[in-house]
Amino acid sequence: MSKARAEAAAGAPGLLLKYLQEQNRPYSAQDVFGNLQKEHGLGKAAVVKALEQLAQQGKIKEKMYGKQKIYFADQNQFEMVSDADLHSLDAKIVALTAKVQSLQQSCRHMEAELKELTSALTTPEMQKEIEELKKECAGYLERLKNIKAATNHVTPEEKEQVYRDRQKYCKEWRKRKRMATELSDAILEGYPKSKKQFFEEVGIETDEDYKVTLPDP
């Protein structure tokens, strides 16, 4: 056992007696160990030994609760509390509980507000963002001005003619591709080699060779 652990074990009875008197509620040895070991460095064996020693000396009380012992302060050392005092304490508990709930609610609101403020832009960041947006808007205005000043605008009639020409050429493309496919399929029925070899020998180039896709009608 280390020196620090030995010193903690030696002072355990006094520490546990004070703890049980202050808390004035029943605890198992495991409860006391869990509550105090981190702060005071007590081992479980030292806690059990100290509690049993205090009980044997009559300084605390012990009772069997199921299969485990519980320990609590000797109630004879405390003054008798009247019903009026109990009612007063109950009222204080209710008031304090309400206050705690109100404070917890306030804390949640403040945490939400803090999170929102933390994620928001700072004043310098916002000023920089505004300047960048102004520059971007100025660029768009300049482009719009140039577009309006241009003399080579396409008229609605010219635009419609382009669409009609596109439809005509795509229709012809589709027609010729179907004719070429039907013709090559007919030849391939009696051709001894593969389709790829036939295209290479004849010198046929397909849309796929040039990664070209026929537009939708």
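**Salt bridges, core and coiled-coil region**

With a relative accessibility of 56%, Arg-176 counts as exposed. In this predicted model, Arg-176 pairs up with Glu-172 in a salt bridge, and the closest N and O atoms are 3.0 Å apart. Glu-172 is partly exposed, at a relative accessible area of 34%. Both sit in helix α7 (residues 156-188), and because they are 4 residues apart there, about one helical turn separates them.

Asp-207 meets Lys-177 with the closest N and O atoms 3.2 Å apart. This pair ties together distant parts of the chain, with Lys-177 in helix α7 and Asp-207 in the segment after α8 (195-202), 30 residues away. Asp-207 counts as buried at 18% relative accessibility, whereas Lys-177 is partly exposed at 32%. Glu-208 joins these two in a network of salt bridges. Elsewhere, Lys-193 bridges to Glu-201 at 2.8 Å between the closest N and O atoms. The whole structure holds 6 salt bridges.

Turning to the nonpolar side of things, the largest core has 18 residues, and Leu-20 and Leu-51 are among those with the most contacts inside it. Helices α2 (12-23), α3 (29-40) and α4 (44-56) each put in at least two residues. Leu-20 touches Leu-51 and Ile-60, and its other contacts include Tyr-71.

Leu-89 lies in helix α5 (residues 83-119) and is partly exposed at 44% relative accessibility. Together with Val-81 and Leu-86, Leu-89 makes a nonpolar surface patch of about 240 Å². An unreviewed UniProt entry places a coiled-coil region at residues 86-150; in the model that stretch is 94% helix and 0% strand, with its end C-alpha atoms 92 Å apart.

Note on methods: Residues numbered from 1 in each chain as written. Predicted model: local features only at pLDDT ≥ 70, side-chain atom pairs only at ≥ 80, totals over all residues. Heavy atoms only, no water. Patch = residues over 30% accessible without salt bridge, like charges linked within 9 Å, V, L, I, M, F, W, Y side chains within 5 Å. Areas by Shrake-Rupley, 256 points an atom, 1.4 Å probe, with all protein chains shown as cover. Salt bridge = Lys/Arg side-chain N within 4 Å of Asp/Glu carboxyl O. Buried < 20%, exposed > 50% of the residue type's maximum accessible area, 1.4 Å probe, protein only. UniProt positions renumbered as here; feature names shortened; annotations may be inferred. Core = buried A, V, L, I, M, F, W, Y, C linked by side-chain atoms within 4.5 Å. Contact = heavy atoms within 4.5 Å. Lists of a residue's contacts leave out its neighbours within four places in sequence.
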